[in-house]
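Keep the viewer open and follow the strands as you go.

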Amino acid sequence: MGTQRKGQARGVRTGLALGAVFLAGGVVGPAASDPQSRTIGLVITGWHFALQESKDAKSECPAGLNADDLENGIAQANSQELRNKYGHHFSRGPNGEMSTYVPLAVVDPLPLRELQTKAGFGFNLDGTNDGRATPHSCKHEKFTNAEGELVDNQMARVFGCVAGWRKGGFADEFYNEEIATNPANRTLIEVTGVDDERNDPDVDIVIYKGLDRLSKDPSGQFIPFLTQRVDTELTEFISKTHGKIVNGVLITQAIPVARLPLRQIATTGERKMHDLQFRIVLEGPRPSGMAAGYEDLKVWWNMQKAHSISVGPAHFSPATEYRQAHRYADGLPDPTTGQCTAISTAYRINAVRTFIVHPTLQQPRQQRVAVATTAQPQ
Amino acid sequence: MIRDPKSDTRRSAPILAALLGGVAMFGAAGAAASAADQAPARVEITEVGPVFATSSGMTLYNWAADAATPGISKCTNAHYQIQSEANYGNFPLPAPATRKTCAEKWPPFLASADAKATGDWSLIHRPDGAMQWAFQGRPLYASAKDHRPGDVNGEPVNVRDRAGWHVAKAPLDFPPGFKLVRLPEGLVLATEDGRPAYVRRGGRIQRTSSASTELLQPIAAPGLGHVTGKWSIVDGAAGSRQYAFDGEALYVLPVGLSETDIKEAGWTSAIFRRAAPLPPQIHTRPTILGHIYTAADGKSLYVLSCAELGAPDALPCDDPGDAAVYWSALCGAPAECSRRWRPYLAPANARPSGEWTIEEVSDPPFLDAAGATYPPGTPRVKAWAYRGKPLYTFVDDDVPGETLGHAIQYWNRSAFTVVNTPGEYRDN
């Protein structure tokens, strides 16, 4: 039972308990009002597309991996003319457009190599077994996961045969390094009202933007049980839901709209997901699991712009990906056009246990002094 | 080119003496008076700090590229046609017919034929035979971006502007261990590690042993220290000596604490120069990118910055009349650019303040992607600008605090960025 409801059921009404009882892997913060329940704190340390990947990609991408922006640019009939007129290989549109920002002005001449597998990862987001259109989704094809469940992950069709976002790809590796090194990427998950970490039918979950860095031990593993402060200034990055723990797996209900901080390929922005859900195996100090929901296409594409500097090393083509993402979009149909505005996406996530601290006036953000030490007058 | 009529050291001395005397009133004197009297430039206290300026008050700048070649200016009147980029080779520069030279964008600060070097001030020979002033070996330039005395429009707005041009900062006659940091309230005295100094709000401190010093530490002064201008050394608690500015003793927070604790406790930052007030139409708010400037409805405001870093002269390309591709690469045809990036219009009664001005903006920004921006005949609107750069809202930002237009960039050349408030420097 969630914290507040459990407290009410027991007739226990404690006030906000700063100063907190430290229990296994968490700290009781403002969300916890029941002194008999526990809190689990998690900080995300890894976030990858959940893709079906064989080592040589031949089973899922039999035609090979997709050509990137540069290769398509060179193959474009008027590439030399555009380059001389506008001054860059990546000015590929008739007005010198970069495909990252004006993807529909550019047409890739090289053939598209589509994902060819029916196996995949994710959750059944639309609740159907056939992917038919519903008031909240567009018609799409399902994947089957290892447990035989039919799941939604249309983003895998966009990136499944793109080298940069596959395991070991430049974009995936770069972004995950940024999770470790840049506090702008800090996402915290606080589970309160936990009576039993193995099985609890009702727990409360809050997603926060955090403020702090992650630390690794000499072997390169993230160190668990350190403190992470909540960013109380940016409340738009706080989302709440309920969930349950079944045999040690945290299963959350969907968060209708969740905004998550995102620092990706050297640019800070955000991720906006609809119906975001988590399933996390809580065992041990370094839990892992999956997050899935519908990526909001507009916000997602505006973060893809960050990749303008990595279209070369990451080997992808924005013109193709934009079209593919809209072609395969399966969530939140526009009531006027019927075109879906979001796309089902599943991510493999990693986390470590952490003590989540809710700053108060006695625990200020300490931002300004740190900033001032590196600032140049503007 | 800027040929300063007061750059003749014999004629400029009385004026400079008066100017530096004024600076001393603010506590920011230059070098010793005898040397300062002969300096060819004056010192202006701007929003970004004390800077060297021409006799008419126009801000002077240095270029980082000159640092590697002391006594030589790399900013010339050469017309470049080709740029190069690692991994991608050489390319023609866009819109070559309208491309300006470095010396046109950054006019050198010229000296008269009979000018003489003095102290830190030296003279360098330009390729065309003219003489240019340099301070501590670094050539000085004005900026074509500046239109009025006190403008600092050549100073970068965002860390993504890497062309290497910065205002020529005038040396501060501060006691050792002090510098200036820029915060929303203005230029603030700070310790060398960047911690702002504080004074007690609303009153002078003669001798302090109050409980408040448990949090704020007095900034200790040496027993035999010597200070000038508005600086003084006062008796602190327990017989210690403490720096004071404008008669008020200075304190600093211990490392790791912020001002959040003390603002309500009767302390305020030690302001060297208060910031010009924000225009009523300009607001601020916290975002994922830090505190930024917004429109009155909370929507994020953006500027376009541009430099041709692949060219030897790294020329700015965000001025009216520069190549249009630095827009079209990011937003396409003129109408689409106009749809995506809306100039933030200034009302008819809007008045400039500090770095905030009202500028005529071409909307759409160009007509031919292979041509130049601001072509004759395009409609003009009056829009707010920051450091001379017009401010825009972005079409995809639906709610206050969204920053979806940030870092839309044409490689290392043009980029739309939010504008952080002072002290919110971040590597965004």
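The points below cover chain A as a whole and then some strand pairings in chain B.

The model is a predicted one. Chain A holds 8 helices and 15 strands. In chain B, one stop is strand S14 with its pairings, and another is an open sheet of 3 strands.

**Chain A overall**
- Chain A has 378 residues, and 53% of them are buried.
- Take the contacts in chain A between residues at least 6 apart in sequence: 67% of these join residues at least 24 apart.

**Strand S14 of chain B and its pairings**
- Strand S14 of chain B covers residues 197-200 and pairs with strand S19 of chain B (residues 251-252) in the antiparallel sense, over 2 bridges.
- To find this pairing in your viewer, look for B:Ala197, which stands opposite B:Val252 in S19(B).
- S14(B) also pairs with strand S20 of chain B, residues 267-269, again antiparallel and over 3 bridges.

**The open sheet S26-S27-S28 of chain B**
- Three strands of chain B make up this open sheet, in the order S26-S27-S28, with antiparallel pairing.
- Its edge strands are S26 (356-362) and S28 (389-390) of chain B, each of which pairs on one side only.
- Between S26(B) and strand S27 of chain B (residues 380-386), the antiparallel pairing runs over 7 bridges.
- Which residue in S27(B) is the bridge partner of B:Ser362? That partner is B:Arg380.

Definitions and conventions. Residues are numbered from 1 along each chain as its sequence is written. Chains are lettered from A and ligands numbered from 1 in the order in which they are written. This is a predicted model: local features need pLDDT of at least 70, side-chain atom pairs count only at pLDDT 80 or more; totals for chains, interfaces and linings use all residues. Two strands pair if DSSP finds at least two bridges between them. Helices (H or I, at least four residues) and strands (E, at least two) are DSSP runs, numbered from the N terminus. A residue is buried if 20 or more other C-beta atoms lie within 10 Å of its own, exposed if 12 or fewer, and partly exposed in between; C-beta atoms are placed from the backbone. Two residues are in contact if their C-beta atoms, placed from the backbone, lie within 7 Å.
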